[in-house]
Amino acid sequence: MVGSWPRPDWLLGELKRKNSGEIGYEEFSAKADRAVLLSLKNQEDAGLDIVTDGEQRRDSFYSFVADKVAGIKLLTVSELIDYVEEKAMYERILRTLDVPAFAIKSPVAVGEIRRKTSLAADELRFLRKHTTRRIKVPLPGPFMLTRASWVEPLSRDAYRTREELAQAYVKLLHEEIIQLRDAGASFVQLDEPTLTEVVYGDANQTTFMCAAIMSKVDPKEELTFATGLINDAVKGITGIKIGVHICRGNWSRNDGALLTGDYSPLLPYLQEMKVNQLVLEFSTERAGSLSVFDGAADGKEIGLGVVNPRSDRVETTEEIVAKAKEATKYFDPSRIYLNPDCGFATFAEVPLNAAETAQRKLSNMAKAAIELRREYA
Amino acid sequence: MQPTELNGLNLKKLGEIVELGTKHPELVGQQFNNWKARVKWLGGFRSRAYIRDHAFLIDEPADLAGVDTSPNAVEYVLAALGACYSVGFTLNATKRGVKVDAMEVALEGRLDNVLTFFGFSKEGHPGYKEIKAKLFVKTSASEKVVNEIWQETIATSPVGNTLTRNVTIIPQISVAK
């Protein structure tokens with residue numbers, strides 16, 4: 001799994017109550033326990049070796065930090081638009097997506113960033129009680145958090161520059177990863193989907209991938225900045241696998257609304273990242289060819305995206321095996337892990353697939369893994 | 001205890017208007033039928049409008065030889081229609097006791113033939129041919145009720161009716177030397 005699993009309708013009802021302030025996080029989280037167990041059962045029944053909690057307690061893969069971090073406030077684009085200069089660009093995006101500004105929320109740094117509580121220790125603690133399988137905990141990466149939450153007029157009271165805010169996230173995530181390692185997580189995945197937006201989000205393709213509210217900057221500078229932040233966040237940490245996940249947007253089944261382009265512009269930066277695994281989309285054709293990794297795997301593992309979370313068609317075991325075999329041309333077979341391209345419900349209220357279909361996709365993925373292990377053992 | 005406010009509207013004040021309109025419709029007509037504005041030319045394509053104690057700028061985009069300091073007049077028409085729908089929806093929802101959590105109106109207008117404005121064409125006219133207005137509303141009310149409120153809003157919108165019916169414009173001129 002990359003992270004998220006479709007939430008049951010009743011959980012979405014409880015999430016609405018939480019977001020409207022009717023119930024607090026603790027009460028919501030207690031109710032979400034049952035949904036986590038359902039998500040876990042689906043993953044275990046499918047035969048996964050590494051599981052997540054399906055992000056059932058999160059309203060999205062990154063905005064949940066507003067519940068856990070002091071200094072962060074969840075604001076809608078509607079509330080933010082008065083603070084951004086490029087209002088016309090946001091209007092274009094809203095029209096492309098055909099959504100109102102009040103529907104898109106972003107965590108914004110409005111004060112000094114400080115963990116009120118661990119970002120994900122509660123998720124991990126609960127999952128550990130109910131499974132013996134290895135646990136992956138996805139966390140929003142330092143670049144994505146910075147990019148999404150730096151809104152100068154609102155953030156500058158606490159931080160003079162975006163770089164200062166970024167360093168606060170680096171420190172916060174460094175402490176978080178250590179805490180999760182000590183609490184028994186096998187794998188922490190830093191989600192950095194906006195890296196593709198830096199490269200491929202041109203004027204006509206800019207998206208609210210993560211409600212990132214900021215001006216366009218030089219892509220090379222931005223990628224260097226992002227790589228430095230990731231490396232600082234993981235610096236000196238051992239005893240836990242750390243990965244970086246990159247995708248091209250995962251909020252719509254309309255491929256035209258998502259970004260397109262291969263990994264080659266990102267490759268030099270991916271090579272520089274001091275992480276164990278790159279968790280990458282490869283099921284979608286929009287991600288381009290695996291061959292860009294020819295001679296460039298650099299000893300890293302790949303979390304190979306082999307099923308599309310946004311399609312009804314269930315990829316066959318044969319197709320998945322074939323994709324993995326293609327990856328063996330560029331990666332050592334022992335370093336290839338199979339996963340979906342992205343989560344099945346990155347944003348709680350926009351599930352991309354029915355749980356039943358998602359389960360069948362995972363099941364074929366697990367069957368393919370067995371077949372591949374047999375062949376490459 | 002009765003709520004005193006819904007959707008940001010003072011229910012007592014709203015009740016008074018409804019009561020006045022029911023008992024003395026002529027007074028409401030006298031007070032709210034007439035509206036005024038004055039527009040001062042600032043040079044180039046820029047103007048400033050004065051309405052009661054308010055003032056705002058009107059300009060043209062740089063592509064049209066303006067300075068782009070503010071929206072142009074046809075854009076204000078879209079905004080006026082959107083605002084009118086917003087006001088109408090709030091009024092009609094509040095009258096029914098429906099709480100609106102969030103609302104936006106996205107508008108997009110297409111002029112029949114802008115070339116006629118520039119004098120490059122005699123075909124068609126320079127006014128709007130079509131305006132799309134999409135309401136985004138967040139409310140716990142049923143879809144049926146929301147649709148009814150929306151239909152009432154469209155039917156009773158002063159700006160909407162201005163645009164869809166023939167309005168008699170009485171042009172006059174006074175030249176100073």
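1. A quick definition before anything else: a residue is called buried when its relative accessible area is under 20%. With that cut-off, 60% of the 377 residues in chain A come out as buried. For chain B, buried residues make up 23% of 177. Keep in mind throughout that this is a predicted model.

2. On confidence, the scores to have in your head are ipTM 0.78 and pTM 0.82. Chain B has an average pLDDT of 94, and 100% of its residues score at least 70.

3. Now the overall form of chain A. A compact globule with 377 residues would have a radius of gyration near 21 Å, and chain A agrees with that because its own value is 19 Å. Along the principal axes, the C-alpha atoms fill a box of roughly 60 × 45 × 45 Å. The secondary structure of this chain is 14 helices and nine strands.

4. Chain B is another story. Its radius of gyration is 20 Å, but a compact globule of 177 residues would have one near 16 Å. The box for its C-alpha atoms, again along the principal axes, is roughly 65 × 40 × 30 Å. I'd keep both figures in view when looking at the buried share of chain B, which is 23%.

5. In chain A, take the contacts with a sequence separation of 6 or more: 82% of them are between residues 24 or more positions apart. In chain B, among contacts between residues at least 6 apart, 45% join residues at least 24 apart.

6. Surface and charge, chain A. The accessible surface is about 15000 Å², and carbon and sulfur atoms own 48% of it. There are 50 positive and 56 negative side chains, with the centres of the two sets 3 Å apart.

7. Surface and charge, chain B. Here the accessible surface comes to about 13200 Å², with 57% belonging to carbon and sulfur atoms. The charged side chains number 21 positive and 19 negative, and the centres of those two sets lie 5 Å apart.

8. Which helix of chain A is largely enclosed by the rest of the structure? That is α7, residues 142–149, so described because eight of its eight residues are buried. The buried set includes the charged-type residue A:Arg147 along with A:Pro142, A:Phe143, A:Met144 and A:Leu145. A:Thr146, A:Ala148 and A:Ser149 are buried in α7(A) too. As background, an α-helix has 3.6 residues a turn, so residues three or four places apart point the same way.

9. Is A:Leu259 buried or exposed? A:Leu259 counts as buried because its relative accessibility is 0%, and buried needs a value under 20%. This leucine is in a loop of chain A, between β6 (241–246) and α12 (267–272).

10. A:Val275 sits in the loop of chain A between α12 and β7 (277–280). Its relative accessibility is 8%, so A:Val275 is counted as buried. What does this valine touch, beyond its neighbours within four places in sequence? The partners are A:Ile230, A:Ile242, A:Gly243, A:Val244 and A:Lys300. By contrast in sequence terms, A:Ile50 is 225 residues away from A:Val275, and their C-alpha atoms are 18 Å apart.

11. A:Thr284 is also a loop residue, this time between β7 and β8 (301–307) of chain A. A relative accessible area of 5% is why A:Thr284 is classed as buried. Neighbours within four places aside, A:Thr284 is in contact with A:Asp255, A:Arg310 and A:Asp341.

12. Last stop, B:Ile173, found in the segment after α6 (158–164) of chain B. This isoleucine is exposed because its relative accessible area is 77%, and exposed needs over 50%. B:Ile173 and B:Lys134 are 39 residues apart in sequence, and 38 Å separates them C-alpha to C-alpha.

Terms used:
Residues are numbered from 1 along each chain as its sequence is written. Chains are lettered from A and ligands numbered from 1 in the order in which they are written. This is a predicted model: local features need pLDDT of at least 70, side-chain atom pairs count only at pLDDT 80 or more; totals for chains, interfaces and linings use all residues. Side-chain values use heavy atoms; hydrogens and water are left out. The radius of gyration is taken over C-alpha atoms; the globule rule is 2.2 Å times the number of residues to the power 0.38. Buried means under 20% relative accessible area, exposed over 50%, partly exposed in between (1.4 Å probe, protein chains only). Contact means heavy atoms within 4.5 Å. Accessible areas come from the Shrake-Rupley method with a 1.4 Å probe; for residues, only the protein chains shown count as cover. The place of a charge is taken as NZ of Lys, CZ of Arg, CG of Asp or CD of Glu. pLDDT is the predictor's confidence in each residue, from 0 to 100. Helices (H or I, at least four residues) and strands (E, at least two) are DSSP runs, numbered from the N terminus.
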